[in-house]
Amino acid sequence: MGKVAVGAAVVCAAAACAVAVLVVRRRMRTTGRRARAEEVLRVLEERCATPIGKLREVADDMTAEMVAGLQAEGASKLKMLVSYVDNLPTGDEKGLFYALDLGGTNFRVLRVQLGGKEGRVLKQEYEEVSIPPHLMVGSSNELFDFIAAALAKFVASEGEDFHLPQGRHRELGFTFSFPVKQSSIASGILIKWTKGFCIDETVGEDVVAELTKAMERQGLDMKVAALVNDTIGTLAGGRYDDSDVIAAVILGTGTNAAYVERAQAIPKLNVVPKSGEMVINMEWGNFWSPHLPMTDYDKALDFDSLNPGEQIYEKLISGMYLGEILRRVLLRMAKEASLFGDIVPSKLEIPFVLRFLSWTDKTEEVEV
């Protein structure tokens, strides 16, 4: 396994600096206030600095954690989970396939008709569904019933352009973007929730079994054929188009990486697959190094989070936390430099009131 260079620059700090500087220039009128605001930004920029030397130290620490994680379970901050995916798509695949992608505050359902090397993707349709916040901290049945109901509705809308081979049942690829310990390609025990989910009763349970029971309650005749992490799904999609793809990185609500490893480099792997390779789900959101440029804002956010001391790397760079980092910077400037006038806007006191949205999210504005 070659050394992996990891860029540890804190995107949230860069975004906070850029937005805050713009606001400062427009709103600061007195020299004293402007000087104080600029000092806050100067210190922030200084503590977020990632010179090449620091990046190399972070990369070295991550490499050491990767090696340890491949040696044995629990030996590293990185789970380095064996995915049981030892063969990736070739482009020869044909037929109707369904997919469910649960990876954050939204989930997606998709169907695609593949035509092999000649036809490739003949037709595809998908829908995206937002998960109500109360279901992220509710019960396991409530969450999976909500997902299964949306899936059943989507299947019911299947048009004549999609063809299921006679005698075959609909099969589902389940992309589940949370740490799971797999014992086969179609089963996985949830290790812990991340990205704001907190449903204790699901931890330690097989998420495929939970989804299957929910589909049965909906009367949906469908079998989960494969359970994969979203990063592994991204890797498979990349390999479908380019046989040279060997790694994938997710930078979204959360963050993670997966790559193709030599089976001989995985001491904890009990059975060596015929392909001689195995896809590894790193779960690098939990990575930590003393060389990571953590600011006071990052430390405070971690302390106030549902899982203090965990998912540090994810909290530094992923979309779920970028807006909150920015809010904390702006709040400090509002209090110490009267950024928005003599009164601190009440909305700035609300945690996570600012969100960084993906292109698929609806536009949302917050007036302060």
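**Reading the features of a predicted model**

A: Let us begin with burial: C48 has a relative accessibility of 10%, so this residue counts as buried. Please keep in mind that the model is predicted.

Q: Is C198 buried, exposed or partly exposed?

A: C198 has a relative accessible area of 35% and is therefore partly exposed.

Q: How many disulfides does the model contain?

A: A disulfide is a covalent bond that joins the sulfur atoms of two cysteines. With a cut-off of 2.5 Å between cysteine sulfur atoms, the count here is zero.

Q: How many helices and strands does the protein chain have, and what share of the residues is buried?

A: The protein chain holds ten helices and eleven strands. Of its 368 residues, 46% count as buried.

Q: What share of contacts joins residues at least 24 apart in sequence?

A: Taking contacts between residues at least 6 apart in sequence, 65% join residues at least 24 apart.

Q: Where is R36 found, and which residues does R36 touch?

A: R36 belongs to helix 2, which covers residues 31-47. Not counting residues up to four places away in sequence, R36 touches R332, E336 and A337. Its relative accessible area is 28%, so R36 is classed as partly exposed.

Q: How is the crossing of helix 8 and helix 10 described?

A: One states the approach of the axes, the angle and the handedness. The axes of helix 8 (residues 296-304) and helix 10 (residues 319-337) come within 10 Å and cross at roughly 115°. The crossing is right-handed. Helix 8 contributes Y297, D298, A300, L301 and D304 to the contact, while helix 10 contributes Y321, E324, I325, R328, V329 and R332. By class, the contact comprises six nonpolar and five charged residues, with no polar ones.

Q: Where do T175 and T194 lie?

A: T175 is in strand 5, residues 171-176, whereas T194 is in the loop between strand 7 (187-190) and helix 6 (207-217).

Q: Are these two residues, T175 and T194, buried or exposed?

A: The cut-off for burial is a relative accessible area under 20%. T175 is at 13% and is therefore buried; T194 is at 5%, so T194 is buried as well.

Q: What is to be looked for in the phi angles?

A: Most residues other than glycine have a negative phi. E283 has a positive phi, near 55°, and S338 has a positive phi, near 50°.

Q: Where are E283 and S338 placed, and are they buried or exposed?

A: E283 is in the loop between strand 11 (277-281) and helix 8; its relative accessible area is 8%, so E283 is buried. S338 is in the segment after helix 10, and with a relative accessible area of 19% S338 is buried.

Technical notes
Residues numbered from 1 in each chain as written. Predicted model: local features only at pLDDT ≥ 70, side-chain atom pairs only at ≥ 80, totals over all residues. Heavy atoms only, no water. Buried < 20%, exposed > 50% of the residue type's maximum accessible area, 1.4 Å probe, protein only. Helix = DSSP H or I, 4+ residues; strand = E, 2+ residues; numbered from the N terminus. Axes fitted to C-alpha atoms, helices over the stretch in contact; angles between N-to-C directions. Left-handed = near helix turned anticlockwise from the far one by under 90°. Contact = heavy atoms within 4.5 Å. Nonpolar A, V, L, I, M, F, W, Y, C, P; charged D, E, K, R; others polar.
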